[in-house]
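Dear colleague,

I am handing over the structure below for you to look through. My notes on its salt bridges, chain contact and overall fold follow it.

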Amino acid sequence: MNALISLGNAYARIFTPGSLLLMAAGVSVGIIFGSIPGLSASMAVALFLPLTFSMSPSMGMNMLVAVYIGGISGGLISAILLNMPGTASSIATCFDGYPMAQKGEAGKALGFGIVFSFLGSVFSFIILTFCAPMLADIALKFTPAENFGISFFALTMVAVLASGSMLKGVLAGMLGLIFSLVGMAPIDGTARFTFGSSSLMAGYDTLPTLIGIFAISEILITAESMGHGQMETIKMKPIKGFGFTWKEFVYQIPNAIRSALIGTGIGILPGIGGSTSGMLAYVTAKNMSKHPEEFGKGCPDGIVATETANNATIGGAMIPLLVLGIPGDGVTAMMLGGFLIHGLSAGPLLFVKNADVVYGIFAACMICVTMMLLIEFFGIKVFVQLLKIPKHILMPLILVLCCVGAYATNNRIFDVQSILLFGLVGYLYHKFRLPTTPFVLCFLIGKMLETYLRRGIMQYKSFGAFFQRPIFDAFFFVAIGVVVWSVYKEYKMYLSKKAVKATEQS
Amino acid sequence: MKKRFLATVMAAGLVLSMTGCGSSQTQATKAAETTKAAASSEAAATKGSEAAGTEAAASTWKPTTTVSIVVPAGAGGNTDLSARVFAEYAKRMTGADFIVVNANGAAGSVAANQVRSAAADGHTFLYGHNLVNVANIAGVTDYNYTAFKLGPTFALDPAQQLYANPQKYKTLDDFIKAAKENPGKLKACTEVGAYTYYELLAFEKVAGIDLDLVDVGSNSDKVAAMLSGQVDLMPGAYINCKDYLEAGQFVCLGAPTKERYELIKDIPTLTEQGVDLVYPNCEFSFYFPKDTSDDVIAWYDQLVKKMTEDPEVKEAIAKVEMMPYYLSSSDSEANDEKIYNEIKQIADDLAK
């Protein structure tokens with residue numbers, strides 16, 4: 001009961017025009033940063049952090065939350081309209097969002113993405129507000145062994161993603177793993193594949209790689225197709241409201257609930273970053289769907305799964321931050337810095353000493369996510385204008401922004417050079433008809449996988465000791481099961497194709 | 001045709017307003033400005049050499065564009081927080097723009113390399129406490145503080161204290177006793193080749209115990225590992241651990257300092273308790289590219305001296321649980337040499 005009273009007080013405090021305006025501004029800027037490929041949500045939060053010093057602690061934290069929410073959800077806009085994810089969390093939105101846009105259903109895709117982003121966030125915020133302390137302890141149960149289990153499980157998702165052409169998928173994935181090896185090895189810092197270059201010592205940074213593989217390769221592919229003369233602009237079907245019917249909405253609910261749970265769960269675990277939650281939810285949805293072959297051709301299920309999950313990660317990541325003082329990902333690490341600079345407690349005493357700030361954050365989350373819904377709803381008409389901009393003007397603009405964004409990651413030209421490298425890699429993949437998703441997934445997970453394996457062995461002294469831990473066993477054996485089942489399915493498909501060919505020839 | 005033109009203008013306007021709006025701290029403008037900085041730094045240099053004849057004491061240099069404070073650590077640690085305090089108040093006091101760039105990775109060498117190859121115009125510097133020295137001693141890099149020109153020292157954080165689980169060990173003696181009874185079993189967390197790595201190695205030697213050193217990651221990972229009972233000992237900075245101390249989830253076994261600092265006056269030193277270990281404090285100084293002019297260094301010297309005497313700055317530093325600590329650039333260089341030798345000594349002793 002006390003909690004509800006405090007929450008009510010927090011809402012009352014926030015509902016002043018000044019703070020509402022600030023939060024709206026935060027959400028808008030977040031959406032802009034999130035939707036531009038090259039700029040990301042974490043960059044937006046990093047830029048806003050110094051701005052919050054002149055505000056009261058509560059207002060400052062609310063601003064950061066607003067930017068974070070706007071940033072994560074903004075990624076879907078460019079993912080759907082341009083086939084370039086604005087943030088790492090929206091990678092899987094491209095797979096079905098862009099085909100839908102090409103069929104003329106961009107408005108519907110955006111509608112699905114926006115509404116389910118909203119729902120995913122709301123779900124995780126409700127859990128955050130009412131169940132945070134209980135769930136925070138789960139975060140502590142995940143030692144490096146369990147984190148290795150999850151990373152391994154995520155890696156086997158490659159097998160699911162690559163169904164239909166498993167050889168190509170695994171090939172692409174292995175290449176991704178190789179790229180993730182470049183740099184200093186985790187823990188002991190041995191230089192690998194650095195060829196003496198000091199820039200390569202830190203390895204390839206995640207954001208430039210993603211920008212390169214998705215955005216730059218897309219620019220190259222578009223440039224190639226434009227060289228052939230014709231460039232038809234897609235006619236977009238006009239939409240009413242959010243673009244989809246009530247029946248379609250209800251159909252997506254089980255998918256959404258499952259994805260929201262995945263997103264929140266991954267957010268709670270400090271060891272796994274938020275960028276994988278979207279992809280994992282997508283793959284799970286594909287696996288458990290009755291029509292998996294439609295995924296990748298414009299099936300709204302894919303968009304719903306990804307966007308619900310990546311927004312649910314926001315609330316999940318704040319649970320260990322607010323209860324234990326342990327940040328779940330890069331953005332929450334900056335929020336932790338924000339807490340400390342304002343002189344707030346950051347850790348178990350936050351709820352005790354600065355409860356008003358905490359409840360302020362809960363209230364701000366709900367308000368910001370509602371603002372996000374409204375801003376994006378009215379923005380749909382503006383966003384789709386992007387489709388009307390001639391590509392030969394839009395693409396160079398995006399190229400420049402990508403270079404700026406890559407440089408801004410670490411302030412060095414090397415990152416700009418790497419987006420060009422990965423752009424080329426992505427383009428070659430397209431040419432050879434290799435799927436890029438396994439590459440990206442393995443690249444993202446590769447570093448985590450090795451780090452946790454080595455830390456786990458350092459702690460438990462042998463790999464065998466891992467198997468004494470039940471959570472690890474669960475993930476590990478499910479992963480093995482997924483691999484075995486995928487290979488079996490693939491083999492059956494191969495046999496049936498052979499049979500069909502045989503009957504055709506006879 | 002008109003609609004397409006309008007759409008193009010809108011998109012261009014969006015881009016331009018994005019780069020122009022917000023504070024001048026936007027990285028987009030900064031990236032554009034660093035290309036201008038090359039031109040403007042030349043202008044500043046000529047201005048400086050003209051005026052140098054007139055004023056002997058005061059520096060004639062001033063930052064002409066955004067200054068990047070490169071921090072070899074992630075957000076939320078003591079390095080990052082004190083850098084942010086500096087940036088905020090330097091901006092207020094001088095009007096110039098200061099931003100913090102987190103360039104963590106590769107034992108701090110990403111940040112160090114970035115600064116080494118940056119223009120020596122005073123607009124980029126490394127801010128840290130001896131990571132360049134520790135990385136060199138650990139063999140990660142082939143250069144140490146001598147590859148940079150030292151600027152002033154700004155803040156001090158007492159040498160990282162040792163924290164443990166109060167349910168298992170109530171005092172330092174409890175811990176040492178348990179360590180002696182279980183050689184190689186009690187786990188202490190650190191990162192290979194890091195500042196705390198040599199601290200723990202020295203602690204082991206002085207206390208005569210054998211701990212199991214494991215890498216669990218950075219600050220937050222260490223806290224998580226401690227809370228979940230995976231490790232028994234954690235060297236940590238006061239600001240990152242004080243809440244857990246107050247909540248009773250951690251106990252501080254001792255601080256490896258010569259005497260008790262006011263900041264952590266309730267924590268006994270290791271020396272008081274019979275373990276004679278004094279480890280270098282975290283003294284945060286500025287490292288400039290080697291060819292930076294003395295004018296630039298003098299300007300920063302004056303600024304930091306003024307800041308450490310300003311009550312508002314002192315309060316802000318105290319809020320992040322650190323102490324203002326001014327050393328001139330020449331003193332900072334001597335200090336770095338001292339600390340480098342101290343840690344090298346520890347490393348050499350262990351190699352024997």
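K149(B) is partly exposed, with a relative accessible area of 24% (buried is under 20% relative accessible area, exposed is over 50%, and partly exposed lies in between, with a 1.4 Å probe and protein chains only). Its salt-bridge partner is D294(B), with the closest N and O atoms 2.9 Å apart (a salt bridge being a side-chain nitrogen of Lys or Arg within 4 Å of a carboxyl oxygen of Asp or Glu). This pair links distant parts of the chain, since D294(B) is in helix α10 (residues 294-309) of chain B and K149(B) in strand β4 (residues 148-157) of chain B, 145 residues apart (helices, H or I with at least four residues, and strands, E with at least two, are DSSP runs numbered from the N terminus). D294(B) itself counts as exposed, at 55% relative accessibility.

Please bear in mind that this is a predicted model, in which local features need pLDDT of at least 70 and side-chain atom pairs count only at pLDDT 80 or more, while totals for chains, interfaces and linings use all residues. Residues are numbered from 1 along each chain as its sequence is written, chains are lettered from A and ligands numbered from 1 in the order in which they are written, and side-chain values use heavy atoms, with hydrogens and water left out.

Over all chains the structure holds 20 salt bridges. One of them joins K108(A) to E248(A), the closest N and O atoms being 2.9 Å apart; K108(A) lies in helix α6 (residues 106-141) of chain A and E248(A) in helix α10 (residues 246-268) of chain A, so the pair ties together parts that are 140 residues apart in sequence. K108(A) counts as buried at 17% relative accessibility, whereas E248(A) is partly exposed at 25%.

Between chain A and chain B there are 3 salt bridges, including the one from D215(B) to R455(A), whose closest N and O atoms are 3.3 Å apart. D215(B) lies in strand β7 (residues 212-215) of chain B and R455(A) in helix α18 of chain A, so the pair joins two chains; D215(B) counts as buried at 7% relative accessibility, and R455(A) counts as buried at 13%.

The contact (heavy atoms within 4.5 Å) takes 54 residues from chain A and 53 residues from chain B. The area buried between the two chains (the accessible area, with a 1.4 Å probe, lost on putting two parts together, summed over both) is about 4,600 Å², of which carbon and sulfur atoms give 67%.

Best regards
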